[in-house]
Amino acid sequence: MEELQPSHSDTSVSMMGLSMSRSGGTSSSALKRGPPSSFEGLEDETSKKRFKEDLGNEPDIEKSVAKPYYEALAEDLAQELQCGCCTELVYRPVVVSPCQHFFCGSCCVLWIRNGGTNCPACRGVSTIVTPSRPLQSIVDILLRADPSRERAERERIQADEVYKAGCSMRIPTPREASPEPNLNQNADYVRPCPHCAPDNAFGWRCPQPVIDYGVDPERAWHLDDGNPPGHAFCGNCENLLALRAPSTTKCDLCQVSFCGVGVPGRCLAAPLLSQHPHNMSDLGDLIQSSEVYGCFDHNTVEVDIMLDYLTAQEISPRHIYREVASHILSQPNGFRPLIELDLFVDIHSVTAGIDENPDAPRNRICRQCATEVMLWGIKDWWIRERQKGFLQETVTRRPDCKEGTSCSRQKDLAHARECKFHIDPYLFFCSCTNALAYR
C-alpha cells in the first residue's frame, strides 16, 4: 500500500504557524473563537461576574429543595424510633426477645417493677431484655441532625437513675398460669371466689360458697342481686373474694376489700406507713403527674423548684407519703377531716363497704388511697420542708406573696419567680408544733 504523504501546502502552513509563534508577530488571541452573538455588546468583566452569580445561586436552590425532604426524613425517623411505653424518642434503647420490640431502658425497668411479666407492646411471652447499639447509633445520628428532639435534662437524669446504660435484664415469668376459659360461664352471674371450692389451694373454705353457673344454673347468684352473702369484689383485680378469708384485707379509708391472691403486692391493704402510693414508684412518676401542679394551683415555678430539690436530696414519692401520713396521724383528728371531705369516695370501681365507726383508728390503707393522701398533703409538706434550710439562698430570700392562695397571678411566670409559693397570709409555720398555724 502507498503511504500517505503530507502535501507541500500543509507543510508550508505548519511551518508558517510555527515561525509566527516563535517570532510573536501574531497574538494567540487572534486565533481564538469569537464570542457568540448573545454576548455581543457586553463587557468581559460584567459577563464573568453575572456568570459567577448564576453559579452561586444554584446551591441555594438545591438547599431550598432538599431542606423539606430532610425534615420529612427526620420526622419519619423520629416516629419509627418512638418508645412503645412512653411514645417519646427512645432513650437508652433496649430490645425485648424474642419479639424484638424496643423501649427506653427506664420504661422497661418500671414495667417490670410494676409487675409486668411479658412484652409491654405485644404482651407476648418474653425472656430477656438487652441493650441495642444499632438503635442507639441511629438515635445519636438523628439528634446530631436535629438537637431539638433531645429530651429534657431532668428526664435524662431520672431515666439514668432507673436504668444503667448497657445492662441486660430479665422479665419474670407469670406467677400463676391463666385459668382455662369456662365456656359455660354466663356473664350475668357471679363466678365463685378462690375459697369457694372445697379443695382449693389456700387451705381455707368459704362458709358460704357461691354456686358456679356451669354446675348448677338454677342456684347461681345473679349480679343484679348485689354481692353474695359473705363476699365482695376486690378493689384491684375486681374478682370475687370471701370477706372472712385470712388473705382478705380492708382499707380503713375507702372501706374497699382486697383479696390478697389475685395480684400479690397489689391486691392488698397494707399497714398505713408501709404502703406504696399507686402509680408513684419513683420521682419520674411524680414529674409526669399533672395532678401535682394542681396541688400547687398550677404554679409551675414552685413545682419545678420542688422537683429539683427532690432530685438533689434523692427523695422518693413514698418518702413524701410516709411523712404526710405521719403528720396526719400526729394531729388530734387524724384522718377524719380527709374522710369528711369525701376524699376517698368512688376511688375504686367496685362497691365499698360501710364505715361502721367513723372514730375508729385507721391502720390499713390501699395504694390508691395512699396516692390521694400524698397529693392532698404535698403542699403543706413542701412548706414544712422549706424550713429545713436545704434550699439555695436565691430561692429562700424571695418574699411571700401578700395575697396568699387567693392570688390570681400564680400562673404568671414572672410573678411566680419573684415571690415564694402562695400560702394563706394568715398562716405561718410554727416550729413548736411543726405544723401550720393561724396568726
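Predicted model: local features only at pLDDT ≥ 70, side-chain atom pairs only at ≥ 80, totals over all residues.

Modeller: Residues are numbered from 1 along each chain as its sequence is written, and side-chain values use heavy atoms, with hydrogens and water left out.

Colleague: How many helices and strands does the chain have?

Modeller: Both are DSSP runs, numbered from the N terminus: helices are H or I with at least four residues, strands are E with at least two. On that basis the chain has 13 helices and 12 strands.

Colleague: What percentage of the residues count as buried?

Modeller: Buried means under 20% relative accessible area, exposed over 50%, and partly exposed in between, with a 1.4 Å probe and protein chains only. The chain has 439 residues, and the buried share is 34%.

Colleague: Are α5 and α8 roughly parallel or roughly perpendicular?

Modeller: Axes are lines fitted to C-alpha atoms, for helices over the stretch in contact, and angles run from 0 to 180 degrees between N-to-C directions. Under 35 degrees counts as roughly parallel, over 145 as roughly antiparallel, 65 to 115 as roughly perpendicular, and the rest as oblique. The axes of α5 (residues 153-162) and α8 (residues 300-313) come within 12 Å and cross at roughly 30 degrees. That makes α5 and α8 roughly parallel.

Colleague: Which residues of α8 does α5 meet?

Modeller: Contact means heavy atoms within 4.5 Å. From α5, the residues are R154, I157, Q158 and E161. Their partners in α8 are D304, L307, D308 and T311.

Colleague: How are α9 and α11 oriented?

Modeller: Helix α9 covers residues 317-330 and helix α11 covers residues 367-386. Their axes are 8 Å apart, at an angle of about 85 degrees. Therefore α9 and α11 are roughly perpendicular.

Colleague: How many nonpolar residues are in the contact of α9 with α11?

Modeller: Ala, Val, Leu, Ile, Met, Phe, Trp, Tyr, Cys and Pro count as nonpolar, Asp, Glu, Lys and Arg as charged, and the others, Gly among them, as polar. Residues meeting here include I320 and Y321 in α9, and V373 and W381 in α11. The contact has 3 charged, 2 polar and 11 nonpolar residues.

Colleague: Which backbone nitrogen does the side chain of T249 reach?

Modeller: T249 lies in strand β7 (residues 249-250) and is buried, at 13% relative accessible area. Beyond four places in sequence, its contacts include F258, L268 and R364. At 2.9 Å, its side chain reaches the backbone nitrogen of A269.

Colleague: Is S132 buried or exposed?

Modeller: S132 sits in the loop between β3 (128-131) and α4 (133-145). Not counting residues up to four places away, S132 touches P93, V94 and V95. Its relative accessibility is 12%, so S132 is buried.

Colleague: Which residues does a cis peptide bond join?

Modeller: Most peptide bonds are trans. Here omega is about 5 degrees, and the cis bond joins S97 and P98.

Colleague: Where does E238 lie?

Modeller: Most residues other than glycine have a negative phi. E238 has a positive phi, near 65 degrees. At 42% relative accessibility, E238 is partly exposed. E238 lies in the loop between β5 (231-233) and β6 (240-242).

Terms used:
Polar contact = N/O pair within 3.5 Å; in protein donor to acceptor, adjacent residues only side chain to side chain.
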